[in-house]
Amino acid sequence: MSLREKILIVDDEPHNVQILRIFLNSLNYSIHTAENGTEALAMFDEIRPDLVLLDVMMPDMSGFDVYKQWMSREGFDTPIIFLSANVQKKDILQGLQLGAFDYLTKPYDLDLLEMKVNFAIEQKQKLDRLMTAKAKLSERANTDALTGLYNRMYLNEVLLESTVRLNDFQAMLMIDMDNFKSINDTFGHLVGDQVLRAIASIIQKAITPESDLAFRFGGDEFLVLLQQEEGAEEMAQEIIRTVNELAIGSLVEQGANASVSIGITKKVNKHSFEHMIGFADQALLKSKQGGKNQITIY
């Protein structure tokens, strides 16, 4: 068992703490102690324990009150085992009804203590693995597998449901590969995929990830939402320049170049999202009709 698994013992009786510390250290847990509820609350964020053994009766505040404060935190999932010399059924039920993982009475049966602690730690590890897997699935569901940008599902299900407010953004860029079908037909889909990944990487580097959003909107089409309209044209010009400099496999060998056309529209918050996409599409169409590899502002 790894020392990474941390247990916080909260008890105002030094003798009880010593018994628990010695025994749990022998099981290779990393042990931290607090003498009262106030100290436990202050230590929790610093330690980030995998399990808390929490005495119910303490001089400053009860273990139940300490636990209620922890439970008020969003996402709190640390298992708590209450410790008490009080074996009355109503007190045990109160602890369990609050959501505690388990309850131990003093004096401790060390075999029972070991079993309950090990089980609580194992359950916490399973929950952590489940939450990690869930986060990865959520990320995959919102991310285009080829390019790593957000996908159309994220655009439809999140942006259009106002989880992200449209008026947070001041400019929109619609970016489309020029002659992409010809690249696929001439050099093959593997090279085409390589080009799309490279362009997505260029777009991702051009934006500010903390504030802007970039999507793979369609097959060879990308959509970018910018919080600031200032600098949108310069960003588009940089994207075009960098795409023109791409050196990708067979394209270089046969003297072919990659390029994109871009449509820009501003003041996104004055219109509906559908209208803004329409404006950006019209601007993009003018870039295509004007000879491609250029920018049009609508």
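Colleague: Before we start, what does "contact" mean here, and how do the angles run?

Modeller: Contact means heavy atoms within 4.5 Å. Angles run from 0 to 180 degrees between N-to-C directions. One more thing: this is a predicted model.

Colleague: Okay. So where does helix α3 lie?

Modeller: Helix α3, residues 63-71, lies across β3 and β4. Its direction is at about 145 degrees to β3.

Colleague: And how do β3 and β4 pair?

Modeller: In the parallel sense, over 4 bridges: β3 is residues 51-55 and β4 is residues 80-84. Val52, for example, has Ile80 in β4 as its bridge partner.

Colleague: What's the strand order in that sheet?

Modeller: The sheet is open, with 5 strands in the order β2-β1-β3-β4-β5 and parallel pairing. β2 (30-34) and β5 (102-105) are at the edges with a single partner strand each, so one side of each has no neighbour in the sheet.

Colleague: Which strands does α2 touch?

Modeller: Helix α2 (residues 37-47) packs on the sheet and touches β1, β2 and β3.

Colleague: Switching topic: how many residues are in the largest nonpolar core?

Modeller: That core has 33 residues, and Leu173 and Ile239 are among those with the most contacts inside it. Helix α8 gives the largest share, 8 residues.

Colleague: Which residues does Ile239 contact?

Modeller: Leaving aside neighbours within four places in sequence, Ile239 is in contact with Ile175, Ile202, Ile203, Ala206, Val260 and Ile262. Apart from this core lies another, of 22 residues, including Val52 and Ile80.

Colleague: Oh, the bridge partners again! And how much of the protein is buried?

Modeller: Of its 298 residues, 45% count as buried.

Methods:
Residues numbered from 1 in each chain as written. Predicted model: local features only at pLDDT ≥ 70, side-chain atom pairs only at ≥ 80, totals over all residues. Heavy atoms only, no water. Core = buried A, V, L, I, M, F, W, Y, C linked by side-chain atoms within 4.5 Å. Buried < 20%, exposed > 50% of the residue type's maximum accessible area, 1.4 Å probe, protein only. Helix = DSSP H or I, 4+ residues; strand = E, 2+ residues; numbered from the N terminus. Pairing = 2+ DSSP bridges.
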